[in-house]
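Please look over the predicted model shown here.

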Amino acid sequence: MSTMRATTVGCPHCGRTNRVPVAAEGRPKCGHCKRLLPWMVDAGDGDFTEVAERADVPVVVDLWATWCGPCRMVSPALEKVATDLAGRIKLVKVDVDKNPRLSRRFEVQAVPTLLILDHGETVARQAGAAPAPALRQWVEQSLTARKG
């Protein structure tokens with residue numbers, strides 16, 4: 001199955017809007033200035049494997065819920081991290097209430113729960129909200145430990 005869904009992303013460098021597929025090989029680049037774009041998409045029970053597990057770059061998974069206050073607070077911080085690390089990570093957001101299979105699979109006990117997947121394998125996990133600098137440090141340390 002090929003997911004033809006796309007999302008739009010504003011280029012943080014030139015401001016142009018770009019269509020970015022939710023599942024693709026490589027790393028998205030701005031059609032205008034050719035710089036790397038932050039890759040932030042939604043996924044669910046039906047397309048998680050294609051969108052997250054088959055990604056060429058490490059994936060930060062945000063398992064969240066609409067009713068969760070800390071989830072709403074951490075979302076902009078995660079978007080900042082995805083922008084800062086454009087080309088190095090992909091941010092995939094999963095609403096646990098709409099996607100119970102993924103919630104069970106990852107044994108979500110609290111939201112937000114954050115995972116880092118590398119080629120479909122969970123390499124790091126943390127529960128709870130944190131500010132952008134702490135999240136970025138967690139992501140970078142997890143990726144460095146994986147390579148080291």
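In this predicted model, strand β4 (residues 59-64) pairs with strand β5 (residues 90-95) in the parallel sense, over 6 bridges.

- Strand β4 is mostly covered, with 6 of its 6 residues buried.
- The cover extends to both faces of β4, with Val59, Val61 and Leu63 buried on one side and Val60, Asp62 and Trp64 buried on the other.

**Asp62 within β4**

- Asp62, which has its place in strand β4, counts as buried because its relative accessible area is 0%, against a cut-off of under 20%.
- The side chain of Asp62 makes a polar contact with the side chain of Lys93, at 2.6 Å.
- Apart from neighbours within four places in sequence, the residues in contact with Asp62 are Leu78, Leu91, Val92, Lys93, Val94, Pro112, Thr113 and Leu114.

**The β1-β2 hairpin**

- Strand β1 (residues 6-10) and strand β2 (residues 17-21) pair in the antiparallel sense over 5 bridges, and Thr7 has Val20 as its bridge partner in β2.
- The two strands β1 and β2 form a hairpin with 6 residues between them, and in the turn Gly15 has a positive phi of about 85°.

**Aromatic rings**

- The count of aromatic pairs comes to 1, and this pair is formed by Phe48 and Phe106, whose rings are edge-to-face at 5.7 Å centre to centre, with 65° between the planes.
- The pair links distant parts of the chain, 58 residues apart, with Phe48 in helix α1 (residues 48-53) and Phe106 in the loop between α3 (100-105) and β6.
- Phe48 counts as buried because its relative accessible area is 2%, and Phe106 likewise counts as buried because its relative accessible area is 7%.

Methods. Residues are numbered from 1 along each chain as its sequence is written. This is a predicted model: local features need pLDDT of at least 70, side-chain atom pairs count only at pLDDT 80 or more; totals for chains, interfaces and linings use all residues. Side-chain values use heavy atoms; hydrogens and water are left out. Two strands pair if DSSP finds at least two bridges between them. Helices (H or I, at least four residues) and strands (E, at least two) are DSSP runs, numbered from the N terminus. Buried means under 20% relative accessible area, exposed over 50%, partly exposed in between (1.4 Å probe, protein chains only). A polar contact is a pair of N or O atoms within 3.5 Å; within protein, one must be able to donate a hydrogen and the other to accept it, and residues adjacent in sequence count only if both atoms are side-chain atoms. Contact means heavy atoms within 4.5 Å. Rings of Phe, Tyr and Trp (its six-membered ring) pair if their centres lie within 6.5 Å; planes under 30 degrees apart count as stacked, over 60 as edge-to-face and the rest as tilted.
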